[in-house]
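Morning, everyone. Let me put the model up, and then we'll walk through a few contacts.

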Amino acid sequence: MKRVQADIAIVGAGTAGLAAAIAAAESGARVIAFEKASVTGGTGNMSMGLFAVESKLQRKSRIGLTRDQAFKIFMEYTHWRPDARLVRAIIDKSASTIDWLENIGVEFNDPETHFSGSYTVWHTVRSHAGTGHAGSSLMLKAMTDRAGALGVKIYFRTPVQKILKEGGRIVGVMAEDESGEAIRADVKAVIISTGGFGDN
């Protein structure tokens with residue numbers, strides 16, 4: 001059995017896991033991530049862009065939809081079934097998320113509508129050539145590169161099998177790599193970002 005140590009272990013190196021890894025590493029934490037696939041990004045690699053309200057790009061294009069309006073539209077459309085606090089947090093942090101991604105080298109096209117008659121809240125990732133829609137795989141590559149530059153260690157084809165507890169506290173995880181070798185990670189915290197929204 002291989003044994004490693006870090007401050008934080010992240011289960012899943014998709015879009016959320018990479019963001020968590022970067023944020024933690026930027027704050028000085030030693031971070032390791034376990035990904036069951038052979039690449040980072042997960043289902044985010046199939047996306048073309050992100051939702052955002054009141055971003056700098058929208059203000060530049062004089063798009064006037066506000067966060068309050070977006071929140072009201074979404075909650076009324078869904079008959080207030082989702083957790084309103086989480087919806088509000090996603091909307092309120094959407095513009096700063098675009099800023100954060102731009103700071104690590106992601107470039108976006110001018111905001112667009114996702115379909116005819118919808119609001120101009122779609123921020124698609126710009127290709128290196130400056131034209132067309134290259135998809136979020138470019139964004140995820142930039143995030144993966146940033147995580148690596150910050151010292152985040154990602155174990156590929158290594159799904160986590162178990163979260164370890166001692167005295168009621170989480171103290172680590174057990175994973176298994178593609179060769180079948182067990183890996184124990186002793187950490188102070190675990191962030192679970194395994195996604196699965198498509199089957200929820």
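Start with tyrosine 155. It is buried, at a relative accessible area of 11%. Buried here means under 20% relative accessible area, with a 1.4 Å probe and protein chains only. This is a predicted model: local features need pLDDT of at least 70, side-chain atom pairs count only at pLDDT 80 or more, and totals for chains, interfaces and linings use all residues. Residues are numbered from 1 along each chain as its sequence is written, and side-chain values use heavy atoms, with hydrogens and water left out.

Next, aromatics. The structure has 2 aromatic pairs. Ring centres must lie within 6.5 Å, using the six-membered ring for Trp; planes under 30 degrees apart are stacked, over 60 edge-to-face, the rest tilted. Phenylalanine 34 and tyrosine 155 are stacked, 5.2 Å centre to centre with 15° between the planes. Phenylalanine 34 sits in strand β3 (residues 31-34) and tyrosine 155 in strand β6 (residues 153-155), so this pair ties together parts 121 residues apart in sequence. Strands are DSSP E runs of at least two residues, numbered from the N terminus. Phenylalanine 34 is buried too, at 2% relative accessibility.

The other pair is phenylalanine 71 with tryptophan 80: edge-to-face, 5.7 Å centre to centre, 85° between the planes. Phenylalanine 71 is buried at 13%.

Now charges over rings. The cut-off: NZ of Lys or CZ of Arg within 6 Å of the ring centre and within 35 degrees of the ring normal. Arginine 88 lies over the face of phenylalanine 71, at 5.2 Å from the ring centre. Lysine 153 does likewise over tyrosine 155, at 5.0 Å.

Notes: Helix = DSSP H or I, 4+ residues; strand = E, 2+ residues; numbered from the N terminus. Buried < 20%, exposed > 50% of the residue type's maximum accessible area, 1.4 Å probe, protein only.
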